[in-house]
Amino acid sequence: MNGAPFIGAQLNSILAQTHREWSLWISDDGSTDQTVECVKRFIADHPDRNIRLICGPGQGCAQNFMTLLGHSELDGAWIAFADQDDVWLPHKLARAVDMIWRGTGAEIYSSRSIYTDASLNTVGISTDFQRPFAFGNALVQNVLRGNTLVIPPDVTDFLRSALPFALNAGVPFHDWWVYQTATGAGFDIIHDARPGLFYRQHGGNLLGCSQAHAGRRAMAVIQHVFAGWVDRNLNVLTGLSPVLTRRNRRVLFDFADWRAQPAINWRPSPQSLGVYRQTLAGDLALRILARLGKL
């Protein structure tokens, strides 16, 4: 959507990557400001680069990214998601590719981010999570920020094969879907402690990470919005259960059965099912939400 004040800096940061072999697809999802004009000028200024402007579906951020991923030309491609208002650090792509190649080659790369205000003044840094990035965590927490992800071809092709389930169900967040679907199928996650980008925090963020957005996230819980997100995610994952690992199918179905029990009844903790958040405080919050019937 509307990103004219910020998109120029993001485009220039992609141009400045030390990893030079990239193509750029920009999906405009119905902006009404000067975003498209900014993109067209950038394309005209760099005719030597493979940059294309695509019309998005006009159904929100998740659908926009996932529809873009569905293009057949992306079979066997490396994918890196980008948000219009961030600024990539020059090493982002090169470091991601190197770390994936040094691993199994079937891993998703993510990294920490440097939080800034709208003017790119630093205000903090994202958490360096220490617990495993696994399916049981993905069911109740999204710690893979889409703007940090780099995905190798094997994982790209798997995610593309799973897209119809997600698009039909209207998953709430594309990066959360990636986290759940990939870990559920047994792919590994690389989480780089070195930040790869500047992540602006401003009023236009859907769900930002700064303290300014804490109230918005809290209201999502209080108003059962979070529980609704979990419902939609579980619906998609149930449809994909044949491609999940046996262990993760068990976690999925046990968690679904657990959620179906009345909150007033005694229930084991989510952690006993293998479902957890990244911190002890997060685990405690899960217990409270479960007791209140808001999970």
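**View 1. Q141 meets the backbone of Q278.** A polar atom of the Q141 side chain lies 2.9 Å from the backbone nitrogen of Q278. A polar contact is a pair of N or O atoms within 3.5 Å; within protein, one must be able to donate a hydrogen and the other to accept it, and residues adjacent in sequence count only if both atoms are side-chain atoms. Q141 sits in the loop between α5 (135–138) and β8 (150–151). Its relative accessibility is 11%, so Q141 counts as buried (under 20% relative accessible area; exposed is over 50%, partly exposed in between; 1.4 Å probe, protein chains only). The model is predicted: local features need pLDDT of at least 70, side-chain atom pairs count only at pLDDT 80 or more, and totals for chains, interfaces and linings use all residues. Residues are numbered from 1 along each chain as its sequence is written, and side-chain values use heavy atoms, without hydrogens and water.

View 2. Helix α11 spans residues 280–292. Helices (H or I, at least four residues) and strands (E, at least two) are DSSP runs, numbered from the N terminus. Buried in α11 are G282, D283, L286, L289 and A290. They cover an arc of only 120° around the axis, so they lie on the same side of α11; the arc is that of the directions from the helix axis to the C-beta atoms. The face turned away from this buried side carries exposed L280, A281, R291 and L292.

**View 3. The end of α11.** G293 follows α11. Its phi is positive, near 70°.

**View 4. I288 on α11.** I288 belongs to helix α11. At 45% relative accessibility, I288 counts as partly exposed.

Definitions and conventions: Expected span 1.5 Å × (residues − 1).
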